[in-house]
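Colleague: I would like to learn how to read a model of this kind. Please take me through it feature by feature.

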Amino acid sequence: MRAESGPDGEWSVRTVRGSEKQYLCPGCNQQIPAGTGHVVVWRNDSWFSDEHALGERRHWHSGCWRARGRRR
Ligand SMILES: [Zn+2]
């Protein structure tokens, strides 16, 4: 896991090899198929409890996460 800061706040980013579920990537609104490596991100802001932050995790394609700052 690593911390990243961007124009939209502080984020914790974890790379995963793939999970048993599929997720919807908020970057491109496409499915991340089960078993596909991707990143899991959540807000690192101190005013959220850890439990809340973990509940707000989002799954992104690795490329979409890297590209998100360039679209702003
Ligand atoms: Zn995506």
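Colleague: What should I know before reading any detail?

Modeller: This is a predicted model, in which local features need pLDDT of at least 70, side-chain atom pairs count only at pLDDT 80 or more, and totals for chains, interfaces and linings use all residues. Residues are numbered from 1 along each chain as its sequence is written.

Colleague: What is the mean pLDDT of the chain?

Modeller: pLDDT is the predictor's confidence in each residue, from 0 to 100. Where it is low, the predicted coordinates should not be read in detail. Here the chain has a mean of 85, and 83% of its residues reach 70 or more.

Colleague: How many helices and strands does the chain have?

Modeller: Both are DSSP runs numbered from the N terminus: helices are H or I of at least four residues, strands are E of at least two. The chain has 2 helices and 6 strands, and along the sequence they follow the pattern β-β-β-β-β-α-β-α.

Colleague: Which order do the strands of the open sheet have?

Modeller: Two strands pair if DSSP finds at least two bridges between them. The open sheet has 4 strands in the order β1-β2-β5-β6, with antiparallel pairing. Its edge strands, each pairing on one side only, are β1 (2-6) and β6 (58-60).

Colleague: How many bridges join β1 to β2?

Modeller: There are 5, and β2 covers residues 9-16. The two strands form a hairpin with 2 residues between them. Across this pair, Ser-5 stands opposite Glu-10 and Gly-6 opposite Gly-9. On to the next pair: β2 and β5 (residues 38-43) are antiparallel over 6 bridges, with Arg-14 and Val-40 as bridge partners.

Colleague: What share of the residues count as buried?

Modeller: A residue is buried if 20 or more other C-beta atoms lie within 10 Å of its own, exposed if 12 or fewer, and partly exposed in between, with C-beta atoms placed from the backbone. By that rule, 11% of the 72 residues are buried. β1 is hardly covered, with 0 buried among its 5 residues; β2 likewise has 0 among its 8.

Colleague: Which residues make up the largest nonpolar core?

Modeller: In soluble globular proteins, nonpolar side chains tend to be buried together. A nonpolar core is a set of buried Ala, Val, Leu, Ile, Met, Phe, Trp, Tyr and Cys residues joined through C-beta atoms within 7 Å. In this chain the largest has 6 residues: Cys-25, Ile-32, Val-39, Val-41, Trp-60 and Trp-65.

Colleague: Which residues does Ile-32 touch?

Modeller: Contact requires C-beta atoms, placed from the backbone, within 7 Å. Leaving out residues up to four places away in sequence, Ile-32 touches Gln-22, Tyr-23, Cys-25, His-38, His-59 and His-61.

Colleague: Where is Asn-29 found?

Modeller: Asn-29 is in the loop between β3 (23-24) and β4 (31-32). Its phi is near 60°, a positive value in a residue other than glycine. Asn-29 is exposed, with 8 other C-beta atoms within 10 Å.

Note on methods
Two residues are in contact if their C-beta atoms, placed from the backbone, lie within 7 Å.
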